[in-house]
Amino acid sequence: MRAVIQRVRSASVAVEGTIVSGINRGLVVLVGVEIGDTTADCDTLASKIANLKIFPSPASAIATPSDTKLEKQWNRSVVSIDGEILCISQFTLLASVKKNKPSFHHAERPAVANELYERVMDKLRSAFGESKDDKVKPGVFGAYMQVSLVNDGPVTIELTSR
């Protein structure tokens, strides 16, 4: 299972011109489910995402990439800042390219992929606690979506479950 995480100031997803989900400060998470992924992969990936320390502490909020101690200033997770997550299924993360043509034969079948994608979102919701289950917003599985975001940094990180 793969994920691309982007730290954002805001983001939204639209289907057929209608915004279906949106967040303020937090993460946009694109999730690709691979053939052979299990619920354990979901749990591992969700834990990595929820605990990923890519937000600065308030005192260092103006850190720039040239700061030599940037990694020490990034010491807060999306959960610890009470941020939000926009989680979108994206099978194209599993593309392999031969002769300039992408192939998606590593992507899981839609029915199984949707089930595992939903589990990732459930695990992310539980990381925020019961009273804050609205912190994780979904895309629309299998739909053609338009994702808009204001990247913060920019900070983009790829994670895998294995």
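A residue is called buried when its relative accessible area is under 20%, exposed when over 50%, and partly exposed in between. The close-up views below are all taken from a predicted model.

View 1. The buried residues of the helix are Ala113, Leu116, Tyr117, Val120, Met121, Leu124, Arg125 and Phe128. An α-helix has 3.6 residues a turn, so residues three or four places apart point the same way. Just after the helix, Gly129 adopts a positive phi of about 100°.

**View 2. The largest nonpolar core, with 29 residues.** Within this core, the residues that touch the most other members are Ile5, Leu27, Val29, Ile49, Ile85, Cys87 and Leu124. Two or more residues each are given to the core by strand 1 (2-15), strand 3 (26-32), helix 1, strand 6, helix 3 and strand 10, and helix 3 gives the most, with seven residues. Leaving aside neighbours within four places in sequence, Leu124 is in contact with Ala46, Ile49, Ala50, Ile85, Cys87 and Val136. A second, separate core has 11 residues, including Val8, Val13, Leu30 and Leu86. In soluble globular proteins, nonpolar side chains tend to be buried together.

**View 3. Asp152 and its partners Arg7 and Arg9.** Asp152 lies in strand 10 (residues 145-160) and, at 13% relative accessibility, counts as buried. Arg7 forms a salt bridge with Asp152, their closest N and O atoms being 3.4 Å apart; since Arg7 lies in strand 1 and Asp152 in strand 10, the pair ties together parts that are 145 residues apart in sequence. Arg7 also counts as buried, at 7% relative accessibility. The side chain of Asp152 makes a polar contact of 3.2 Å with the side chain of Arg9, and salt bridges that share partners join Arg7, Arg9 and Asp152 into one network. When neighbours within four places in sequence are left aside, the contacts of Asp152 are with Arg7, Val8 and Arg9.

**View 4. A salt bridge between two loops, formed by Asp82 and Lys135.** The side chains of Asp82 and Lys135 meet at an N to O distance of 3.4 Å. Asp82 sits in the loop between strand 5 (74-76) and strand 6, whereas Lys135 sits in the loop between helix 3 and strand 9, so that the pair links parts of the chain 53 residues apart. Asp82 is partly exposed, with a relative accessible area of 34%, while Lys135, at 14% relative accessibility, counts as buried. In the model as a whole, the count comes to nine salt bridges.

Technical notes: Residues numbered from 1 in each chain as written. Predicted model: local features only at pLDDT ≥ 70, side-chain atom pairs only at ≥ 80, totals over all residues. Heavy atoms only, no water. Buried < 20%, exposed > 50% of the residue type's maximum accessible area, 1.4 Å probe, protein only. Helix = DSSP H or I, 4+ residues; strand = E, 2+ residues; numbered from the N terminus. Polar contact = N/O pair within 3.5 Å; in protein donor to acceptor, adjacent residues only side chain to side chain. Contact = heavy atoms within 4.5 Å. Core = buried A, V, L, I, M, F, W, Y, C linked by side-chain atoms within 4.5 Å. Salt bridge = Lys/Arg side-chain N within 4 Å of Asp/Glu carboxyl O.
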